[in-house]
Amino acid sequence: MLETKEYAPQRAEMIEKQLRRRGISDAAVLAAMLAVPRHQFVPEELRSRAYEDAPLPIGGGQTISQPYIVAAMTSVLRLQPGDRVLEIGTGCGFQAAVLSHLAREVFTIELRPELASAASEKLARLGYHNVHVHCGDGTLGLPEFAPFDGILVAAAAPEVPEPLLTQLAETGRLIIPVGDADNQELQLVEKHAGVFSTKMLEGCRFVPLVGHHGWQKPPLR
Ligand code: SAH
């Protein structure tokens, strides 16, 4: 991966104020958030705002998640260096880049072809060679590459898509925002010896997960 000193002070401040102070303590996650050049993933005119404590528009009505949410969702996956991870909702590719520092291989699926090809090019250009971008309906997962040790869904679902549970490894973790258009809760699903347990984490707000096991149409506000 290419190293960058650009915006390094802003990145360090983001780590301290937005992540550490709010309880993100996993050293590997903090190192990944410090390493990934978030400004390279947002539209050029928003570069100076890349390290703000907020989501930002990335085109097509979609958003790059707030840094805190990316770090919080990544932390609860408790990734090991040998793990294989699936992300649903590539968007601009930032979350996938963070995951790529912590896992062996990252598979990521984006529904919108223009976002999928832009993210794929960007990740390759920045040297994230262990990320594989697929274009399609991520609610179906990627059965041909399953099982996954971690699955991260970056869009809000009406319920946990069944195929993703099926594609979770024996001790896998799945993190997903579940709820309606305005209010969602992050749910962590863990699998142990074939049994699933679910924990509710914090409230959040994501763009809708559209697809076969998601919303048929974006939910009305
Ligand atoms: N993780 C992204 C942000 C994701 S925003 C980042 O780091 O930038 C949510 C994304 O989910 C949007 O790009 C949207 O197009 C995509 N999406 C919505 N429904 C989807 C589906 N069924 N399969 C794959 N992607 C989907």
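1. A pocket, as the word is used here, is an open set of grid points where a 1.4 Å probe fits, with protein on both sides within 12 Å along at least five of seven lines. A molecule sits in such a pocket if more than half of its atoms lie within 2 Å of the grid points. In this predicted model, the largest pocket is the space that the ligand takes.

2. Several elements line the ligand. Those that contribute two or more residues to the shell around the ligand are β2 (62-64), β3 (84-88), α4 (94-100) and β4 (105-110). Of the elements, β2 gives the most, with 3 residues.

3. The ligand is surrounded by 27 residues, and the closest are Glu87, Glu110, Asp137, Gly138 and Val210. Sorted by class, the shell has 13 nonpolar, 10 polar and 4 charged residues.

4. A polar side-chain atom of glutamate 110 is placed 2.6 Å from an oxygen atom of the ligand. Valine 210 takes part through its backbone, with an N or O atom 2.5 Å from a nitrogen atom of the ligand. Cysteine 92 also takes part through its backbone, a polar atom of which is 3.2 Å from a ligand oxygen. On its own, the ligand has 590 Å² of accessible area, and the protein covers 99% of that area.

5. As to the overall fold, the chain has 6 helices and 9 strands. The C-alpha trace spans about 45 × 35 × 30 Å along its principal axes. A compact globule of 221 residues would have a radius of gyration near 17 Å; the chain has 16 Å, and therefore agrees with that expectation.

6. Most residues other than glycine have a negative phi, and most peptide bonds are trans. Tyrosine 7, which is not a glycine, has a positive phi of about 60°; this residue lies in the segment before α1 (8-19). The peptide bond from alanine 146 to proline 147 is cis, with omega near 5°. Proline 147 belongs to the loop between β5 (131-135) and β6 (148-153).

Conventions:
Residues are numbered from 1 along each chain as its sequence is written. This is a predicted model: local features need pLDDT of at least 70, side-chain atom pairs count only at pLDDT 80 or more; totals for chains, interfaces and linings use all residues. Side-chain values use heavy atoms; hydrogens and water are left out. A residue is near a molecule or strand if one of its heavy atoms lies within 4 Å of it. A polar contact is a pair of N or O atoms within 3.5 Å; within protein, one must be able to donate a hydrogen and the other to accept it, and residues adjacent in sequence count only if both atoms are side-chain atoms. Accessible areas come from the Shrake-Rupley method with a 1.4 Å probe; for residues, only the protein chains shown count as cover. On a 1 Å grid over the protein atoms alone, a cavity is a set of points where a 1.4 Å probe fits but cannot get out, and a pocket is an open set with protein on both sides within 12 Å along at least five of seven lines; lining residues have an atom within 4 Å of a point. Helices (H or I, at least four residues) and strands (E, at least two) are DSSP runs, numbered from the N terminus. Ala, Val, Leu, Ile, Met, Phe, Trp, Tyr, Cys and Pro count as nonpolar, Asp, Glu, Lys and Arg as charged, and the others, Gly among them, as polar. The radius of gyration is taken over C-alpha atoms; the globule rule is 2.2 Å times the number of residues to the power 0.38.
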